[in-house]
Amino acid sequence: LRAKYKSMELEILTPERKLFSGEVYGIQLPGINGSFEIFNKHAPLISALGSGKIKVLKDKAGNSVLYNINGGFAEVLNNKVAVLVEGAVEV
């Protein structure tokens with residue numbers, strides 16, 4: 001028997017509210033030195049984010065959600081991604 005495939009967990013938080021919470025295929029983030037992507041089983045990471053777009057990849061089929069942000073931070077640990085942002089708006 002194969003172990004059940006476990007998706008990566010993502011939370012996007014602003015000081016006011018939780019924008020997104022759930023299992024995702026991946027996420028594209030606007031790092032301060034360029035954009036980068038995080039997928040399942042990514043190594044631990046903490047990164048500052050610049051202004052730009054966050055693209056939440058909900059599945060392999062390409063379903064996604066976009067948010068504009070004014071900066072923040074992302075932390076990856078144990079297949080969970082926490083994104084703390086200011087001024088986020090769903091596109």
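In strand 8 (residues 89-90), Glu90 is the bridge partner of Tyr67. Strand 8 runs antiparallel to strand 6 (residues 64-77), and two bridges join them; two strands count as paired if DSSP finds at least two bridges between them. Strands here are DSSP runs of E with at least two residues, numbered from the N terminus. The model is predicted: local features need pLDDT of at least 70 and side-chain atom pairs count only at pLDDT 80 or more, while totals for chains, interfaces and linings use all residues. Residues are numbered from 1 along each chain as its sequence is written, and side-chain values use heavy atoms, with hydrogens and water left out.

Strand 6 also pairs with strand 5 (residues 45-57), antiparallel, through twelve bridges. Leu66 in strand 6 is the bridge partner of Lys55. The two strands form a hairpin with six residues between them, and Gly62 in the turn has a positive phi of about 100 degrees.

Strand 7 (residues 80-85) pairs with strand 6 over six bridges, again in the antiparallel sense. Val76 stands opposite Val81 of strand 7. Two residues separate the strands in this hairpin, where Asn78 takes a positive phi near 55 degrees.

Ile46 lies in strand 5 and is exposed, with a relative accessible area of 65%; exposed means over 50% (1.4 Å probe, protein chains only). Together with Phe73 and Leu84, Ile46 forms a nonpolar surface patch of about 340 Å² accessible area. Accessible areas come from the Shrake-Rupley method with a 1.4 Å probe.

Technical notes
Patch = residues over 30% accessible without salt bridge, like charges linked within 9 Å, V, L, I, M, F, W, Y side chains within 5 Å. Salt bridge = Lys/Arg side-chain N within 4 Å of Asp/Glu carboxyl O. Helix = DSSP H or I, 4+ residues; strand = E, 2+ residues; numbered from the N terminus. Buried < 20%, exposed > 50% of the residue type's maximum accessible area, 1.4 Å probe, protein only.
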